[in-house]
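I opened the model to look up some strand pairings and the nonpolar cores. My notes follow.

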Amino acid sequence: MKKGWRKKAAAVTAVGMIAVVGCTYLFADSQKADAAKKEEASQEAEELRSITEQVANKSAPAPGGTLSKDESVYVTADAEGNVEEIIVSDWMKNAGTVHELEDQSELTDIKNVKGDEKFQKEGQKLTWKTKGTDIYYQGKTKKSLPVSVNITYKLNGKEVDVKELAGKSGSLEMNIQYTNHSRNTVKIQDKDTEVYTPFVMVTGMFLPTDNFTNVQIDHGKVISDASRDIVIGVAFPGLKQSLDLKEPDTEDTDFKIPESLTITADVTDFTMGPTLTLASSDMLGELGFDDINSFEDLQDSMKELSDASNRLVDGSGTLKDGISALQDKTGEFGDGIHTLNSGIGELHDGAEALASGVGDYTAGAAALAGGVTAYTAGASQLAEGIRTYTAGEESLASGVEELAAGTKELPGAVSNLNQGIQGVKSGLDSLTDEQKTQALLQGSSSVAEGIGTVNSTLKAIESVLDSGASAADVQTLLRSVVSGVKTSLTNDSAVLEILKGVQDVAGDYKGLADRAGLGDTFQAYYGQLEDCIHRLQENVDTETILLTQLQSAAGGTSGTSDLDTLKGYIHQLVEATGENSDLYQGAASVHSGIESVVEGSKAMKNIMDKVAEGSNTLNASAGSLGTGINSLKSGADELSSYNGELNKGASDLLAGSGDLISGVKELTGNNSALNNGAQALSSGTNTLQNGGSRLMDGSEQLTSGVKQLADGSRDLADGMKEFDETGIQKLSEVFDGDIQTLKDRIDAVMDEGERYQSFSGISDQMDGNVKFIIETAEIK
């Protein structure tokens, strides 16, 4: 027997077992599509369409050189499956040589969706001007579908209207019933037999895990991606009636070829997106149904299939035993891995401690080397310093003698210095007199206030001018401003004279401050004083000019033109005395400067008080300084007696530092290699530890996997036994009967599937295939 027929027999077996094993290739595609698209819930319908399109495009292409028509019927329905709108998309595949393509179509509102080719319509006949290209067009129809979908819902065992389902919680049962309306009467062994078009119905939906749990389907698959469950089911409405298969020894029990789907779940706050159902009449051909040609081959294949099933049952039992033994040993293996990983951890800790210790050691050695280098450099400097010291000590002795001679004149010089310091102190006492400082501060403050008063008065005069006053009235007002400016000028001049007097006093004692070591402090104070005088002098000069201008304006003649001139003049004076003017700002800064001068005088007084105190002490001690100098000379003479021993010790210290440097260099020579080795050891143990962790994880995964494998092997053994007893063996018994009649029915079913090539119409010159895509409304 040819082995190729075994595949054909397996295809026939799939008719009876399709509800158990599912439509595998469709589920694989749905998983692939889902893995590529993790979109929001609002995009679920688009994902379902993508999955459906992948399934719809699995049909084999038309033979080369022929014309063909791919038709996709898009159906919009409500949540119960009632049709609302039908849109048909047709793709006419041109062979490349036809420039005028004829087609048949019942559609309305036809439009070209991918090009600008035109068509002519006569009844249902369409003639396209193609220029050898493919044609894509779309239209609408109200024609009844060959298959229909009806969806009902039960909540907690009671049927519920779909309009009342949104937001409810409980145990949900969703039933999808498919009805095949397309059938034909054909002759099978000279007997009229009703055969349905073999539509395969594939329904998919997304159920969010926030709302749906414990999802199950009787004829399909539930695939979870954590955030949602992808539910895909398959059914064959009319197929069991067309094949008329019976279970052995049970006359009235049909094989379980599903015509409906039942989905159950626990729901919370029910909401559901759209469902999408694909219906196609040519999918059975892809399962190999149309390759069955021989009764004898089919019968032999069923016998071989039965024998193979027995061997699978035996093999699955042996596999179960072997995996059980493997599971027993994985426990011991896991314990060993735990022990190994623990040891690796201890090794890694030790390596890290060693690396840290080596690092500390080499750092210490390097620090020691640096210290020794510094020590030898210091020893050299010390030796040189000792030589310098001994030479300096001799100079010291000589200098002390000169100092002793010079100190004879010291008491007189100290007395003169003390008198000068007392004079400075007396001057500063005068500068910080409370009455003088208050006069300075009040005078400087009144300067800015006076300018502000002048500005206010000028503004008032400017307002009077705007109200229509005469030039004579304005001049009278200006005379009062002249009086105020004179007063301000007088105050400024008085303050200026006081500050100049302070400057004269301070200048007299500047040289003494330098000799007393207070040059920088005194210079800063003197600079503040000079700056304040300079700014106040500028104010006096500006006020003098202002006074001249005001006197000139106050003594002018009357008249309209003079009044206009006064307006401009007064406006300039308002600007010149305003808060942002140089005059006003200068007056304010003068007051601030005088405050600084007063504070500086007080600070200088405090310093000079202390200097004077020290000067008095120095003056009192000058007499005893000579006695101390004589004692110093005696000590210097004694130090000179040790110069020889110091010089010899310095030479010995310098000679020994060379040997010390040589030893340290040898000690630190291998620091780099020692550090690198310790780091390499630590890095290696780190890698080993990471590997141990992965090995530990792998061991746990292995243990878990072996457990699952053991569970799976037991399920496989039980399942293979059940599959053999309830499936293969019973199916084999069925095929021991009237197989030829079954084959004829299958041939009739396949012929009916091939006959159904279009929903909206097709030309006799074309091959075609059609897919129905039914989308139901979401429930929210």
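I looked up the hairpin of β11 and β12: two residues lie between these strands, and Gln 189 in the turn has a positive phi of about 55 degrees. Strands here are DSSP runs of E of at least two residues, numbered from the N terminus. This is a predicted model, where local features need pLDDT of at least 70, side-chain atom pairs count only at pLDDT 80 or more, and totals for chains, interfaces and linings use all residues. Residues are numbered from 1 along each chain as its sequence is written, and side-chain values use heavy atoms, with hydrogens and water left out.

I then checked the pairing, which requires at least two DSSP bridges between two strands. β11 (residues 183–188) and β12 (residues 191–196) are antiparallel over six bridges. Val 186 is opposite Thr 193 in β12.

Next I traced an open sheet of five strands, in the order β9-β8-β10-β19-β14, with antiparallel pairing. Its edge strands, β9 (158–159) and β14 (212–217), each pair on one side only. Between β10 (residues 170–180) and β19 (residues 260–267) I found eight bridges; Gln 177 has Ser 260 in β19 as its bridge partner.

Last, I listed nonpolar cores, meaning sets of buried Ala, Val, Leu, Ile, Met, Phe, Trp, Tyr and Cys residues joined through side-chain atoms within 4.5 Å; buried is under 20% relative accessible area (1.4 Å probe, protein chains only). The largest has 52 residues, and Tyr 153 and Met 272 are among those touching the most other members. Strand β8 (residues 147–155) gives the most to this core, five residues. A second, separate core of 38 residues includes Val 485 and Leu 536.

Key. Buried < 20%, exposed > 50% of the residue type's maximum accessible area, 1.4 Å probe, protein only. Helix = DSSP H or I, 4+ residues; strand = E, 2+ residues; numbered from the N terminus.
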